[in-house]
Amino acid sequence: MALMPKESAKLIARLSKNVSIEEEGIKNLACMILVGLKDHTVSVNNFSQCQFHPSSEDPRAVDWIFVLDTLNYSFWSKKESLKWTVNGHTGYFALCAAIKRAIDEGKPIVDPKYYAHITRSDAEQIFRGDNHANIPLLDERVKSLREAGKILLEKYQGTFVECIKSCSGSAEKLLKLIVNEFESYQDEADYEGHRVSFYKRAQILVGDIWACFKGQDIGAFHDIDYITMFADYRIPQVLVHFGAIRYSNPLLSRLQCDVELENGSDDEIEIRGCSIEAVERVKDEVRTLIERYSHLQLNKADVNSIMIDHFLWDYRREHAAELEQIPFHKTRCIYY
């Protein structure tokens, strides 16, 4: 049995050789998050601001989000390579744009009856880009969709809604159901004799359902705090920028030389694990500040790791040019 992400992160941060967590950076970032809570740039409402995300009013919203997160991985391109773009968007938003376009064109891409048997040529058409660059890992994406669709049809009446309902409002139960049932979500590794987990896409799936429904109705989870940040390749870049994590010189020089890290390598595990632990510490520090500055009239429940992750991810997009000089690690895999 793997340790769950929170416990994995604590262990990795304690044993890490090439990535360290910097308390001064944690405190500075916590102050910034506190300001964000006050001016609502850190808010559960931020998910709905993306033009390509489904509205909570859409009856397909849950299954739409499930498809997005089943495919939410590996968008980076090699230096000097053409980027995969859809309607001018790159990365995750290119995926969102492709799914929205397919829906608008009448393709039942969010129906497991369709994608459980999706062909490669169907997928090529759905994920066609603006230029000659193709979406990375197309064959793996076809496999992810087919496997997930078959499980939903066989065990959950053909909808992810049934998975959520079976978990009685528990984020922890839903997270465990996702990683136990859907193979492509089993984001685990071995580190220093321990089986650790990150469950980036499984956690973001729970987080997206929660955010889409603003913690209400089917998005109401009494233990949403169980979910950590989503350990990808972009948030660590922002954490380095804020001085919340630091890379050793040998690791930094490898990243600056654009060396790809293997999925499951110690360096990759340390970057992801320390990122989770850093955000947990930021969250704890913000809650301490909320208690200290009671006149701000904020509630400790106003902040969790999902919202901090959303804030950092948005910050990276808004300050892309400024952050360009900080290298991010590149790992080609289906987990993030």
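This is a predicted model: local features need pLDDT of at least 70, side-chain atom pairs count only at pLDDT 80 or more; totals for chains, interfaces and linings use all residues.
Helix 1 spans residues 5–15. Its buried residues are P5, S8, A9, L11 and I12. Viewed down the helix axis, these buried residues fall within an arc of 165°, so they line one face of helix 1. An α-helix has 3.6 residues a turn, so residues three or four places apart point the same way. The face of helix 1 turned away from the buried side carries K10 and R14, both exposed. Several elements cover the buried residues of helix 1. Among them are two strands, strand 4 (188–191) and strand 5 (194–197). Helix 10 (200–212) and helix 13 (266–292) also take part in this cover.

The largest nonpolar core comprises 125 residues. Within this core, the residues with the most contacts are I99, I109, F127, F160, F182 and L312. The surroundings of F127 illustrate the packing. With neighbours within four places in sequence set aside, F127 is in contact with L71, W84, L95, A98, I99, R101, I135 and L138. One of these partners, I99, is itself listed with F127 among the residues with the most contacts inside the core.

Salt bridges number 28 in the structure. One of them joins the side chains of K78 and E260, at 2.5 Å from N to O. K78 lies in the loop between helix 3 (61–70) and strand 2 (85–86), and E260 in the loop between helix 12 (249–256) and helix 13, so the pair ties together parts that are 182 residues apart in sequence. K78 is partly exposed, at 46% relative accessibility. E260 is also partly exposed, at 36%.

A further salt bridge links K155 and E181, with the closest N and O atoms 2.9 Å apart. K155 belongs to helix 7 (residues 138–155) and E181 to helix 9 (residues 171–181), so this pair ties together parts 26 residues apart in sequence. The relative accessible area of K155 is 49%, so K155 counts as partly exposed.

K283 and D225 form another salt bridge, at 3.4 Å from N to O. K283 lies in helix 13, whereas D225 lies in the loop between helix 10 and helix 11 (235–241), so the pair ties together parts that are 58 residues apart in sequence. K283 is buried, with a relative accessible area of 2%. D225 is partly exposed, at 27%. Both residues belong to a network of salt bridges that also links K6, E280 and R287.

Note on methods: Residues are numbered from 1 along each chain as its sequence is written. Side-chain values use heavy atoms; hydrogens and water are left out. Buried means under 20% relative accessible area, exposed over 50%, partly exposed in between (1.4 Å probe, protein chains only). Helices (H or I, at least four residues) and strands (E, at least two) are DSSP runs, numbered from the N terminus. The arc is that of the directions from the helix axis to the C-beta atoms. Contact means heavy atoms within 4.5 Å. A nonpolar core is a set of buried Ala, Val, Leu, Ile, Met, Phe, Trp, Tyr and Cys residues joined through side-chain atoms within 4.5 Å. A salt bridge is a side-chain nitrogen of Lys or Arg within 4 Å of a carboxyl oxygen of Asp or Glu.
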